[in-house]
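Open the model in your viewer and keep the selection tool ready. Each stop tells you what to select and what is there.

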Amino acid sequence: MTDDARTEETPKSYRPIDAKGFRDFISRGWGPVDRSVAVPEGLAEAAAEHRRKLAAALPGRRIAIAAGRAPVRSNDTDYLFRADSDFVWLTGCQAEGAVLVISGDGDATLYLRETAGPGEADFFANARDGELWIGPVPGLKDWSDALQIACRPLEELPAAVRGAVPFMLSVPGVEPMLDALVRTSPTDGNALRQTLAELRRIKDDWELDQLREAVAASVLAFGDVASELPEAIRGGGERWLQGTFDRRARTAGNGVGYASIVAAGKHAPVLHWVRNDGAVNEGDVILLDAGVETRTLYTADVTRTFPATGEYTAAQRQVHDLVHKAQLASLDAVKVGAPYRAFQYEALRVLAEGLRDWGLLEASIDELLGPDGQQHRRYIVCGTGHYIGLDVHDCDASRPEAYFAGTIEAGMALAVEPGLYFHPNDETVPPELRGIGIRIEDNVVVHPDRLEILTEDLPITTDGLEQWTKSHLK
C-alpha cells in the first residue's frame, strides 16, 4: 500500500475502555481529593431523632426507603436530582440511589453506591456516576462520618431486606433493586407515607431554623426582584424577574422550592401561572409566589403582590386592602387548639363579606358560607393555607383527621394565603376590577403562646408595599 492510499483510508475510532495502554495510564498518578460531606450543625442529630420517632410509631417493623434517582429528561440527559423528602427527613442524606433500612429493633443502615476508584472502569467510563465526569463523590466512610450512621455498599441491600418486610417503601421506578424486592415482599407503602407525613407535621427546633433560613433568603430574593422591575418593564418581562429570583435561590440555597409564579397584570388571577413568559407593563401589579429551598431542602412559600412602578391604582388598592383584611383575620385564628379549618374559614368569611358589600354577590352571608352557597369561591377557588417544610405542600399524605379535619398544634409551620382573583374575561365584575389578582402569603410557626410570623420583614399593607417597592427601584 502506498502512502497516498494510506492517507485516503477512513480513520478508525478506538474505545479507550478497550485499550490496555489507556486503562493502565488512567489508573495511575492521581492524588488525594476531598470527598468529605459538609452538613449543617445539628442535622445528624435531628435525623437520628426522626428515625427514632418512626421506629416508635411502627414498632417491630423493618422499613426501607429510597432516595430515588433523577428522572431522564431525554436520552442521556437527566433533570437535576432531588432526594425524596421522607428519605431526607430520616437521614439528612442527598445521595442519588441511596436506600435507608431500619431494622425491627430500630437500628438504621444506609446503603449507598461506593465510589469507583481510578482502577475501575466506572471511574472514567460511567458518564452518569464516574468521578472523572461529575467530580469527587463521597464514599461510605465520608457519609458515615458526616451523618453518624452505619453505611454499607448498595450491593448488600438484598440481604438486608430478605424475608417478610411488613412495611417497605421506595420511589417507584427509580430504584430498580429495591423495586424488585418490594414486588416479592409484603408491603404497605401508603401506610408508611401516611405515618411519616403525620410525624413531619410537628417541626423540631432544628427544622424551624431551616425554615427561618429559607424565609430569610426568600425575603432577600423578593427585594432582588423589586430592584429589577425597571429592566422587566423595558423588555425583560416576567422571565427576567423569574431569573432574578432563581439566581438568589441558587446562591443562597439549593434552588427554588417549587415552580415560581411570576404573574404580571392580567396573569395575576391565574392561580398556577408558571409559564412566566409575559410582559411587565407600567401600571401592572406583580403577583410573585416563590420560595428559596435551603441546601437541606426545606422551602419557604411566600407571596406578595406589589405595583410595578411603586403605586397601586385605586382598583388594585381596593382589592389588596380587602385581601389584607382577610389575612389579618386568618392569622388571628391560627392558635394552638383551634380547628385547622378556622383560619381558612375566617379568611373566606371576610372576603365573602367584602364581595357582598361591593355588590358582586347578592346572597346573605349565611348562605354564602353554607354548604349550598359558596358563590364567593368563584373569585378564590383555591384553599387559603397549608403546611410547609421539606415540601411546599408538606405532609399531604396525612389522614384528614390529622390535617384538614384536625386541630392546630404547637410546632406546626404553615403558609397562610388568602387572595382574590378577577380574570380579565369575567363579566360578573366591573371592568375596572377585571384582570386584577391579589394574594398575600405569610409563613408562620405556631408556638404554645404566640404565632411567629417568619415573613414579617415583608410588608403586607398597600402603603407598606408601595414604600418597599419604591425603596428597591433603581
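**Stop 1: a pocket**

The lining of the second largest pocket divides into nine nonpolar, six polar and five charged residues. Here Ala, Val, Leu, Ile, Met, Phe, Trp, Tyr, Cys and Pro count as nonpolar, Asp, Glu, Lys and Arg as charged, and the others, Gly among them, as polar. Select His272, Asp289, His386, His393 and Glu417: of the 20 lining residues, these lie nearest the pocket's centre. The space in this pocket is about 440 Å³.

How is a pocket found? Rolling a probe the size of a water molecule over the atoms shows where empty space is left. On a 1 Å grid over the protein atoms alone, a pocket is an open set of points where a 1.4 Å probe fits, with protein on both sides within 12 Å along at least five of seven lines; lining residues have an atom within 4 Å of a point. Points are joined across faces, edges and corners, and the volume is the space filled by probe spheres set on them.

A note on the model: it is predicted, so local features need pLDDT of at least 70 and side-chain atom pairs pLDDT 80 or more, while totals for chains, interfaces and linings use all residues. Residues are numbered from 1 along each chain as its sequence is written, and side-chain values use heavy atoms, without hydrogens and water.

**Stop 2: the whole chain**

Zoom out and colour by secondary structure. The protein chain has 16 helices and 17 strands. These are DSSP runs, numbered from the N terminus: helices (H or I) of at least four residues, strands (E) of at least two. Of the chain's 474 residues, 51% count as buried. Buried means under 20% relative accessible area, exposed over 50%, partly exposed in between (1.4 Å probe, protein chains only).

**Stop 3: Thr305**

Select Thr305, in strand E11 (residues 302-307). Is Thr305 buried or exposed? Thr305 is buried, at 0% relative accessibility. Leaving out residues up to four places away in sequence, its contacts (heavy atoms within 4.5 Å) include Val285, Tyr312, His320 and Leu465. Now pick Leu58: its C-alpha atom is 44 Å from that of Thr305.

**Stop 4: the cysteines**

How many disulfides are in the whole structure? The search finds zero. A disulfide is a pair of cysteine sulfur atoms within 2.5 Å. Select Cys93, which is buried at 0%. Its closest cysteine sulfur, in Cys151, is 7.3 Å away, too far for a bond. Finish at Cys382, partly exposed at 22%. Its closest cysteine sulfur is in Cys395, 20 Å away, so a bond is ruled out by distance.
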